[in-house]
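User: Hi! Could you walk me through this model? I'd like to start with the strands and then move on to the helices.

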Amino acid sequence: MIDYETYDGIGLRELVAKKEVHPKELVSAAVARIEALNPSLNAVVHKMYEKAMADAERIDPELPFAGVPFLLKDNTQAIEGGKLTHGSKLFRNYRAKQDSEYVKRLRRAGVLFLGQTNVPEFSLMGITEPKLYGPTRNPWNTDYTPGGSSGGSAAAVASGMVPIAGANDGGGSIRIPAAYCGLFGLKPTRGRTPVGPDYGRVWQGASVEHVLTKTVRDSALMLDLLKGPEKGGAFFVQDDPESYLSQLEKPLPKNLKVAFSVKSPIGAKIHPECARAVEKAAAYLEKMGFIVEEKEAPMDGNKIASSYLMLYLGEVASTLKAAEGALGKKVKAGDVEPATWLLGMLGNVTSAAEFALSLREWDTAAYQMENFFETYDFYMTPATAFPPAKIGELAPTKGQEFLIRLAAAFHLGKPLKKMGIVDRLFEKSFERTPFTQLANLTGQPAMSVPLHKTEDGLPCGVQFIAARGKEGLLLRLAHLFEQSPLWIDLKENPYYSRKV
């Protein structure tokens, strides 16, 4: 049998096309790795092995990802009749009513769905530690988080369970796990990939579907297969006439300009290793002929953070309200985690005017960034302000949880909002990941590229943002880095290199 874990998705598909391996063998290899590694990593929470093996029997070998094992994310990536828990006790018995458009397009591409990956409750956190399933651990060092909310998918790819896994990004949920696990993670332009049919927009358009991958070419081909308008979609972006995969081999234009910053947009500290990652990338780009200039983005980072937090309040409150209709029962504080209930409680005492004014900040920032990209081709920052946190480090304390339960019992939403308790509860999380939300609120494409490791051996990603519609330019830049000495080798990760 081949060394399954060493191949990317395109590589596995080529073996299938040449009849050097049967899709059933790939499923068997993937299942063996999941069963061997998942007890330690807790990346996969729902398994669909029998269905995947049956589908492998009849897969068309000519499909672009024919027979490639794939894991979906346990939130919006629904399979009809399959579990869809959103990492929450509230939905522990829920079954999806229909396939998502994302799943339909991937099925047409030939991937084989082996299961679904762990997420924080309702994908709200930059760590993956739901009370329902327990924490997912980072394959580089299991004492640390793989990030979130696509943490289960990141751990699965970084450990070689599958070459590609489903992900989505509403505030960094592709880029943060990519940065922490040494993977490539692209968040496409708003409207590029489908979110329906259950939604026309997710998180007011902040959240976009894509994948986490080991290689840039897998991400590019996946974008080719996922892109395009959908029925009922709230957003439309003009298609790129060239395939993203074919663009990888095109040389980048001369004299591209890169602005970079290693300052936190909210005025907090930056870990020196994360700053070092950007400085190394800047030096390499200068060597390669890019025009590189240190310059901060033109918007107010604290306003971006406040707008993002306002999004949380409104979306969590509406999610809990919608759950009552979907589940046919009243949602109570004990049905969800304390932090989730607090967000929903505060969302219920937030006015429509406050929410609408917050959305105006998105548009202001989008306009400012488009002007910025008339001068610069890329904006480069650390993907995260700190390397991965230890498991449990960012979770609410028992004391905080007790106070939230007490506040829920006495309906103290308005007083807590005035006290700014949510700001304090999420302050530590925002300090660690202040860079990613900008691209979500403006709708611009952004990526995390694995270019640095700390002295402790933990990955640090570098983020690049480009103007809307410029995924091709980002992918070409990533492909340039992929051939450089800066690109992290997954073989240095003890779980990826483990034979099973």
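Analyst: Happy to! One term before we start: two strands pair if DSSP finds at least two bridges between them. Helices (H or I, at least four residues) and strands (E, at least two) are DSSP runs, numbered from the N terminus. This is a predicted model, where local features need pLDDT of at least 70 and side-chain atom pairs count only at pLDDT 80 or more, while totals for chains, interfaces and linings use all residues. Residues are numbered from 1 along each chain as its sequence is written, and side-chain values use heavy atoms, with hydrogens and water left out.

User: Great. How many bridges join β10 to β11, then?

Analyst: There are 7, and the two strands, β10 (residues 446–453) and β11 (residues 459–465), run antiparallel.

User: What sits between β10 and β11?

Analyst: They form a hairpin with 5 residues between them. Gly457 in that turn has a positive phi of about 85 degrees.

User: Which strand does β5 join through 3 bridges?

Analyst: That's β10, and β5 and β10 run antiparallel. Leu186 has Met447 as its bridge partner in β10. β5 (residues 184–187) is also joined to β6 (residues 208–213) by 2 bridges, again antiparallel, with Gly185 partnered by Leu212 in β6.

User: What's the strand order of the whole sheet?

Analyst: It's an open sheet of 11 strands with mixed pairing, ordered β1-β3-β2-β4-β6-β5-β10-β11-β9-β7-β8. β1 (44–47) and β8 (291–294) stand at the edges with a single partner strand each, so one side of each has no neighbour in the sheet. On average, neighbouring strands are turned by 30 degrees against each other, direction ignored. As for the angles I quote, axes are lines fitted to C-alpha atoms, for helices over the stretch in contact, and angles run from 0 to 180 degrees between N-to-C directions.

User: Helices now. At what angle do α2 and α3 pack?

Analyst: α2 (residues 23–41) and α3 (residues 49–57) pack at about 160 degrees, with their axes 8 Å apart. That makes α2 roughly antiparallel to α3. The cut-offs: under 35 degrees counts as roughly parallel, over 145 as roughly antiparallel, 65 to 115 as roughly perpendicular and the rest as oblique.

User: Which residues meet there?

Analyst: From α2, Pro23, Lys24, Val27, Ser28, Val31, Ile34 and Glu35 meet Tyr49, Ala52, Met53, Ala56 and Glu57 of α3. Contact means heavy atoms within 4.5 Å. The residues of this contact divide into 8 nonpolar, 1 polar and 3 charged.

User: What does α3 lie across?

Analyst: β1 and β3 (112–117), and α3 runs at about 160 degrees to β3.

User: How about α10 and α11, what's the angle?

Analyst: About 100 degrees, with the axes of α10 (residues 301–327) and α11 (residues 338–347) 7 Å apart. They are therefore roughly perpendicular to each other. Tyr312, Leu313, Val316, Ala317 and Leu320 of α10 make the contact with Thr340, Trp341, Leu343, Gly344, Leu346 and Gly347 of α11. That contact has 8 nonpolar residues, 3 polar and no charged.

User: Last one: where are the cis peptide bonds you'd point me to?

Analyst: One runs from Gly148 to Ser149, with omega near 5 degrees, and Ser149 lies in the loop between β3 and α5 (151–158). Another runs from Gly196 to Pro197, with omega near 0 degrees, and Pro197 lies in the loop between β5 and β6.

Terms used:
Ala, Val, Leu, Ile, Met, Phe, Trp, Tyr, Cys and Pro count as nonpolar, Asp, Glu, Lys and Arg as charged, and the others, Gly among them, as polar.
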